[in-house]
Amino acid sequence: MDDNARPHRTLAVEELLESEDITQMDWPAYSPDLNPIEYARDALGRRIAARLHHPENTQQLKQMLIEEWVLLPQEMLHQLVLSMRRWCEATLVVRGGLSEIGVPIFRARRQSVGDDQSPGQANTVIMSNLIDKVEDLVCAAWVPKQLTDQQKELRMGLTLQYLFRYQEDPSFMKRIVTGDETWCHHYEPETKRDIMQWKHASSPTPKKFRAVKSAGKVLLTVFFDVQGPLLVEFLEHNKSVNSDVYCETLQRLRRCIRNKRPGLLTEGVVLLHDNARPHVSRVTQMELEKFKWETLDHPTYCPDMSPCDFNVFGPLKKHLKGKRFNSNDVLKDTVKDRVSSQTQEFWEQKESCGLFISGIGVLKPMVYILNKVYICTHRVVSYLFI
């Protein structure tokens with residue numbers, strides 16, 4: 001019994017098994033729940049994680065795996081093999097679907113395993129001495145990046161600087177031109193949150209099957225100001241964004257500003273972009289000096305201070321999720337139509353529940369909130385998303 005991994009199903013393996021008179025069982029695709037070795041491997045991984053000292057290199061990990069494998073209870077392995085019958089019967093009941101046997105017992109609030117002949121997965125077993133501790137188990141909060149104190153101080157200083165400039169010169173926001181790049185895939189699956197739906201208490205829970213992003217994709221570049229998009233383009237095939245390519249993009253952006261925003265070049269463009277290498281290279285800085293553009297400093301690991309990342313690309317990708325595009329041209333046309341269909345209020349500011357959540361206008365409440373957080377608590381949280 002083995003699964004359908006490529007090395008398991010090669011012609012050389014089949015010939016070897018046939019020569020040894022070993023019968024190889026057929027195996028349905030995407031069915032790890034029917035293989036007892038998956039549960040033994042899960043138990044092995046948990047024993048490794050429970051060790052006081054974790055392996056520091058591959059050799060130590062190999063040694064620990066050998067030691068823990070020997071210590072696995074023989075009765076547990078025996079019961080896992082015998083559980084194959086129960087798994088097959090449960091699969092027949094649900095007509096080939098995923099049976100409920102594998103659903104964690106914690107979810108059902110069960111106090112004992114009762115009639116279960118097999119312990120199944122390690123995370124589906126409740127031991128009597130752990131029942132009282134279930135309510136104390138918590139997961140750590142995930143944050144994209146743990147900022148150092150120095151990075152927090154720099155982030156705070158820049159937000160205060162932006163806030164002061166806005167208070168002294170209200171036209172400061174109108175001079176900002178911001179932009180960034182992002183990948184748009186031919187297919188991007190929806191998340192469970194995207195497909196949430198109301199259901200009756202007695203209705204079955206809808207299922208969400210695993211899907212991955214398509215390999216086909218295009219790189220989108222967008223620059224905009226408070227009045228709307230200035231430049232929307234896609235990177236040519238088999239090219240990557242480097243300093244020279246980005247400088248060419250800035251030159252096209254300058255021509256678009258001259259044609260679409262008369263007088264802005266005279267007033268002085270304030271460019272806001274992140275710290276990607278092509279954006280901060282010496283070649284790019286020299287090009288911006290020729291343009292006589294001011295560049296706003298951008299703190300590291302702070303995508304929430306760029307209106308593109310969450311306030312423009314987020315709604316755009318939400319619109320594309322779940323849709324399949326057969327070619328780059330179709331995807332590009334859809335993206336361009338979506339960007340051009342947005343109103344000026346979207347690019348300037350859009351208020352929801354008292355917060356501005358899109359466009360250039362997001363900078364004002366964002367820096368104001370950071371200022372309040374700093375004044376009230378004398379510290380800055382490691383990551384803040386608006």
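Before the first selection, a word on terms: helices (H or I, at least four residues) and strands (E, at least two) are DSSP runs, numbered from the N terminus. Axes are lines fitted to C-alpha atoms, for helices over the stretch in contact, and angles run from 0 to 180 degrees between N-to-C directions. The model is predicted, so local features need pLDDT of at least 70 and side-chain atom pairs count only at pLDDT 80 or more, while totals for chains, interfaces and linings use all residues. Residues are numbered from 1 along each chain as its sequence is written, and side-chain values use heavy atoms, with hydrogens and water left out.

**The whole chain**

Start with a cartoon view, which shows 16 helices and 7 strands. Of the 386 residues, 34% are buried (under 20% relative accessible area; exposed is over 50%, partly exposed in between, with a 1.4 Å probe and protein chains only).

**Stop 1: two crossing helices**

Select residues 36-49, helix H2, and residues 58-71, helix H3: their axes come within 10 Å and cross at roughly 115 degrees. Now show side chains for Ile37, Ala40, Leu44, Arg47 and Ile48 of H2, and for Leu61, Met64, Leu65, Glu68, Trp69 and Leu71 of H3, which make the contact (heavy atoms within 4.5 Å). Colour them by type and you will find 9 nonpolar, no polar and 2 charged residues. Here Ala, Val, Leu, Ile, Met, Phe, Trp, Tyr, Cys and Pro count as nonpolar, Asp, Glu, Lys and Arg as charged, and the others, Gly among them, as polar.

**Stop 2: the largest nonpolar core**

A nonpolar core is a set of buried Ala, Val, Leu, Ile, Met, Phe, Trp, Tyr and Cys residues joined through side-chain atoms within 4.5 Å. Select Cys184, Leu220, Leu320, Leu331 and Val335, which have the most contacts inside the largest core, a set of 17 residues. At least two residues each come from strand S2 (217-225) and from helices H13 (313-320), H14 (328-340) and H15 (344-348). Which of these gives the most to the core? That is S2, with 4 residues.

Centre the view on Cys184. Leaving aside neighbours within four places in sequence, Cys184 touches Lys217, Val218, Leu220, Leu320, Leu331 and Val335. Then look for a second, separate core of 15 residues, with Val177, Cys256, Ile257 and Val269 among them.

**Stop 3: aromatic rings**

There are 3 aromatic pairs to look for. Rings of Phe, Tyr and Trp (its six-membered ring) pair if their centres lie within 6.5 Å; planes under 30 degrees apart count as stacked, over 60 as edge-to-face and the rest as tilted. Select Phe224 and Trp347, a tilted pair at 4.9 Å centre to centre with 50 degrees between the planes. Phe224 lies in S2 and Trp347 in H15, so this pair ties together parts that are 123 residues apart in sequence. Phe224 is buried at 0% relative accessible area, and Trp347 is buried at 1%.

Next, select Phe291 and Trp293, another tilted pair: 5.0 Å centre to centre and 55 degrees between the planes. Both are buried.

**Stop 4: two loop residues**

Step to Lys292, in the loop between helix H11 (282-291) and strand S5 (294-295). Is Lys292 buried or exposed? Lys292 is exposed, at 74% relative accessible area, and has a positive phi near 60 degrees without being a glycine.

Finish at Asp21, in the loop between helix H1 (11-19) and H2. Asp21 also has a positive phi, about 60 degrees, although it is not a glycine, and is exposed at 71%.
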